[in-house]
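Trainee: I would like to learn how to read a structure from its computed features, taking one feature at a time. Could we work through an example together?

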Amino acid sequence: MYILKEWKEESRGVGIWIALAISCVASMFILVQSRSFPSEQGFEAMLLSLYEMNLYLIPLLSLFISSLSIVSEKEQKTLMIFLTKKESYRSFLLRKSIAVQTVLIGIFIVWNFVLALPMKFIQPFHLKSFLAYLLAIVVLLFIFNQIGIFLGSFCKNRLQLTGIVIFSWFGFLYLLDLVFLYLLPSETKNTIEFFSAFYFLDPLHTIYFYLENALGLLSLDHLSKIVQQMVWMSPTYYLFIILLIWTVIPFELAVWFNRKGEVE
Amino acid sequence: MIVVEGLSQSYGKKQILAEVNLVVDKHERCALVGKNGAGKSTLIHSMLGLLPVKKGSVVLNGIPVRKEQWKPFVSYLPEKFTLYPLLTGWENIEFFASFAENGIDECKIEKTLKDVRLWDDRHARVKSYSKGMLQRLGLAIMLYYDSEIQILDEPTSGLDPIGRREILSILQTLTNKTILFSSHHMEEIQQICTHVAYLEDGFITKYTVEDFLSKLEEGEIVS
Amino acid sequence: MKKVITLFFVLMGIWIFYSPFASAEVSLQQQIDITPANGIIHLDNKVYSGNIVIKKPLTIVGSQNTVIRGDGKNNVVTIQASNVKLESLKIMHGSINRNTLEEYAGIKITHANENVLKNIGISDSYHGVYLDYANNNLIENIKVTGLGGNKIGEQGNGIHLNFSNHNRLFHSKIKETRDGIYFYKSEGNKVSDNLVEKTRYGLHYMYSDGNQFYHNRFTLNSAGAAIMVSRHIQLKDNEFSFHEGPKAFGILMLESEDVQVVNNQFFHNVRGIYIDNSFKNKVKDNKFSLNQVGIEVLSSSNNQIFTGNRFFDNTAPVITDGVRSYNSWSDKGRGNYWGNGFPLSDLNQDGVGDFPIAYKSSLYKLLNEHELAYLFMKSPAISLYEKLGQLMNGQDIMFEDAYPLVEQKTSFPWTWMSPFILAIGACYLLIRRRRKVKCTY
């Protein structure tokens with residue numbers, strides 16, 4: 001019922017459609033641009049460009065939509081009815097997470113399959129590469145939906161939420177890497193493992209790394225020594241670990257915060 | 001049915017509830033009265049486990065509120081709820097019906113919507129409902145649950161006199177239930193309730209409705 | 001009696017174990033030896049045992065599935081004569097021994113000229129084809145497949161030219177060898193229409209002057225073409241793409257002079273071109289797109305000419321080491337196209353911008369100091385880093401183009417995009433209509 005209810009809410013609202021419209025327009029531009037790509041690996045390059053465009057959109061959209069869905073439950077007082085009728089906060093959050101993830105990821109999967117149609121006219125279509133790209137998008141959505149759900153649990157009203165969501169998006173996309181760039185000169189061979197752990201903890205890095213490798217555009221065979229020291233696992237394992245970390249930790253933090261504070 | 005003992009709550013240094021003791025017996029209809037900011041919502045939230053209880057105890061239907069097993073016996077209608085504006089009346093009640101012990105019973109939903117006179121508007125989205133209609137939909141959910149203990153937080157808040165009358169007429173149909181509801185309106189307390197729990201300065205004093213009204217007239221209690 | 005019986009058994013043994021008819025099949029080497037000079041040998045669809053050495057002019061033509069399989073101890077095919085032609089063969093299992101001065105190969109042409117290798121597949125060998133003091137040979141439609149993966153360092157190169165001149169390498173495919181094509185002191189060769197992928201260096205090139213490379217594709221290698229200590233080279237209409245990894249590049253020019261890099265495509269590399277300690281090279285009419293750095297040129301390199309190049313969607317079009325060098329970013333009043341990042345006006349419509357442009361960056365310090373900086377070149381934070389660098393006056397001039405070119409506007413492809421736009425519009429109208437219907441009650 002949660003999933004059906006969530007689908008009705010999202011589909012009848014404007015948020016998700018605006019998000020899709022933006023994605024649609026941006027994707028069209030990428031497809032037009034990729035007409036000039038070489039035919040070999042051109043499809044993979046096009047997918048990578050699409051992913052890079054989605055990197056700006058998806059975190060912001062999924063943070064907003066998923067966090068708002070939690071804050072709405074608080075504002076509408078429906079959360080109180082759940083918590084006094086059947087659910088604990090943990091079980092509510094679990095069902096709500098499943099519902100939000102299912103609906104948002106489902107919508108984006110369908111959208112990407114629709115997008116696959118014009119792709120076939122531009123570059124030779126490779127299903128395996130397309131599925132790797134789809135997996136990257138799904139993981140990106142999943143992680144940022146979960147972070148959004150955590151932010152929604154943490155925030156008390158929409159104004160607070162808007163600020164925190166924008167800051168979080170900015171942090172992930174810009175600030176974190178900026179910090180890395182400024183710390184880079186002090187990085188040495190002795191601290192490389194440390195650096196590597198933090199580098200791959202950022203889901204944006206890990207997912208991109210996985211995608212490049214899965215599309216056959218980055219081989220792990222010819223890496224320089226220092227990069228080999230950084231990369232000590234298969235990209236698929238990195239992806240799995242990061243998915244686990246960024247699902248479990250925000251979820252548990254959200255439950256813990258609720259236990260500490262009051263449900264308004 | 002509802003037993004509160006020694007309940008204390010504070011926000012920072014400000015004490016809201018101080019050693020509150022309250023017993024609401026079976027089938028009793030008790031109004032929770034107090035000035036704005038007296039702590040009525042705090043008390044209700046503490047009773048329902050929405051606020052962590054650090055000092056004191058709350059027992060609902062013989063089950064401590066720290067455990068989850070009391071939930072099938074209790075229904076709660078919060079103040080200023082809006083439900084799901086983009087869903088229709090039917091879809092809202094159908095969704096909440098899924099939390100009931102017996103799940104979704106469409107016949108029962110139909111009966112409930114007819115009882116609250118929302119049957120003809122069931123396919124309209126809730127965002128098009130008036131305040132009165134919304135409140136009736138909330139009550140419909142409560143009626144559907146048919147729990148033994150029903151707690152309502154200002155169910156007539158913000159309604160015009162006609163709307164208030166409609167709500168009260170529905171509440172009057174709730175027989176053999178233990179009801180606790182917070183209110184500012186003495187007429188509806190007179191109409192519905194048997195007892196009044198008066199919250200002042202963090203303490204509760206329980207009266208019968210007649211006693212409370214006489215003290216109010218005498219000026220011993222300022223509402 | 002005993003003697004008769006013994007004799008009988010001896011004769012029986014001879015009859016069982018030796019029969020002149022059982023070894024009627026002649027080995028390939030024997031066939032080569034008995035074939036007269038300039039003769040033709042047609043081979044069947046089967047596996048022939050190598051190794052073979054050809055010391056006279058000869059033609060060997062295989063069938064669709066003819067295989068010459070070496071013994072793993074030497075070259076599979078050694079050609080020590082001129083005018084040998086090998087066609088339609090699969091060569092495999094040469095020696096992979098690295099601990100010897102002998103450079104083993106699938107096919108080795110040594111001190112021999114005017115030979116032809118055509119439609120040949122080579123695998124499981126140290127080098128694919130090795131030309132050693134071999135001139136005027138034609139190598140066409142050769143497919144060399146190396147061991148790939150982490151064994152890439154244990155093998156040799158796809159096609160190796162050692163002191164070999166005026167050869168022609170056409171339409172060949174090299175994959176997963178150590179280096180794709182290796183040049184050492186070889187001149188006047190033509191290399192065109194080849195594909196080199198998934199190797200270390202696609203082209204590893206040293207001390208070799210006057211060679212031409214046309215229409216080749218170097219892709220998915222650690223590095224595209226490393227041109228070192230060489231002069232008078234032409235690279236035209238080639239594609240260098242997907243050379244990733246912090247030290248990767250499309251073309252490296254190191255201590256090289258008069259290299260003409262014309263009309264090539266550099267796509268999705270870490271660096272398109274990297275120029276170090278090189279002079280008087282010309283980079284003209286190339287396309288650089290989606291690279292992290294379009295051109296990286298160190299101050300040790302001077303008198304380069306960059307003209308007519310197109311730069312699109314590179315993270316940084318040009319990076320230097322911050323020290324002033326004397327390279328020219330235009331030629332005869334014609335600069336380069338710098339893409340949307342450099343808006344230009346062209347009021348007199350002559351295709352040249354109305355004002356010169358300069359590009360400043362603070363990235364170069366980071367890129368020069370730390371290899372791992374390249375990991376962040378695709379990050380959105382780079383633009384912020386550059387902005388901060390600008391605010392803190394930490395930028396230096398990377399290039400100044402006095403005659404930047406103005407791109408002609410391309411039209412939106414309405415023909416095939418319009419059905420999708422119409423479909424999206426129809427969906428929207430449908431949804432709106434459904435909403436209106438649903439609200440009626």
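Trainee: How many Å² does the accessible surface of chain A come to, and what percentage of that surface belongs to carbon and sulfur atoms?

Mentor: Keep in mind from the outset that this is a predicted model. The accessible surface of chain A comes to about 10,700 Å², and carbon and sulfur atoms account for 71% of that area.

Trainee: What are the spans of the C-alpha trace of chain A along its principal axes?

Mentor: Those spans are about 60 × 50 × 25 Å. For the contacts within the chain, one looks at separation in sequence: among contacts in chain A between residues at least 6 apart, 81% join residues at least 24 apart.

Trainee: How far apart are the mean positions of the positive and negative charges of chain A?

Mentor: The mean position of the 19 positive charges and that of the 18 negative charges are 10 Å apart.

Trainee: How many disulfides are there over all chains?

Mentor: A disulfide is assigned when a pair of cysteine sulfur atoms lies within 2.5 Å, and by this rule the count over all chains comes to zero. B:C30, for instance, is in no disulfide, as the nearest cysteine sulfur, that of B:C193, is 7.1 Å away. B:C30 has 0% relative accessibility and therefore counts as buried, the cut-off being under 20%. A:C155, also a cysteine, counts as buried at 0% relative accessibility.

Trainee: Where does A:M1 lie in chain A, and is A:M1 buried or partly exposed?

Mentor: A:M1 lies in the segment before α1 (2-12) of chain A, and at 39% relative accessibility A:M1 counts as partly exposed.

Trainee: Which residues of chain B does A:M1 touch?

Mentor: A:M1 touches B:E94, B:F95, B:S98 and B:I104. Within its own chain, A:M1 is 98 residues from A:A99 in sequence, while the C-alpha atoms of A:M1 and A:A99 are 8.8 Å apart in space.

Key
Residues numbered from 1 in each chain as written. Chains lettered and ligands numbered in written order. Predicted model: local features only at pLDDT ≥ 70, side-chain atom pairs only at ≥ 80, totals over all residues. Heavy atoms only, no water. Contact = heavy atoms within 4.5 Å. Areas by Shrake-Rupley, 256 points an atom, 1.4 Å probe, with all protein chains shown as cover. Lys, Arg positive; Asp, Glu negative; His and termini not counted. Charge placed at Lys NZ, Arg CZ, Asp CG, Glu CD. Buried < 20%, exposed > 50% of the residue type's maximum accessible area, 1.4 Å probe, protein only. Helix = DSSP H or I, 4+ residues; strand = E, 2+ residues; numbered from the N terminus. Lists of a residue's contacts leave out its neighbours within four places in sequence.
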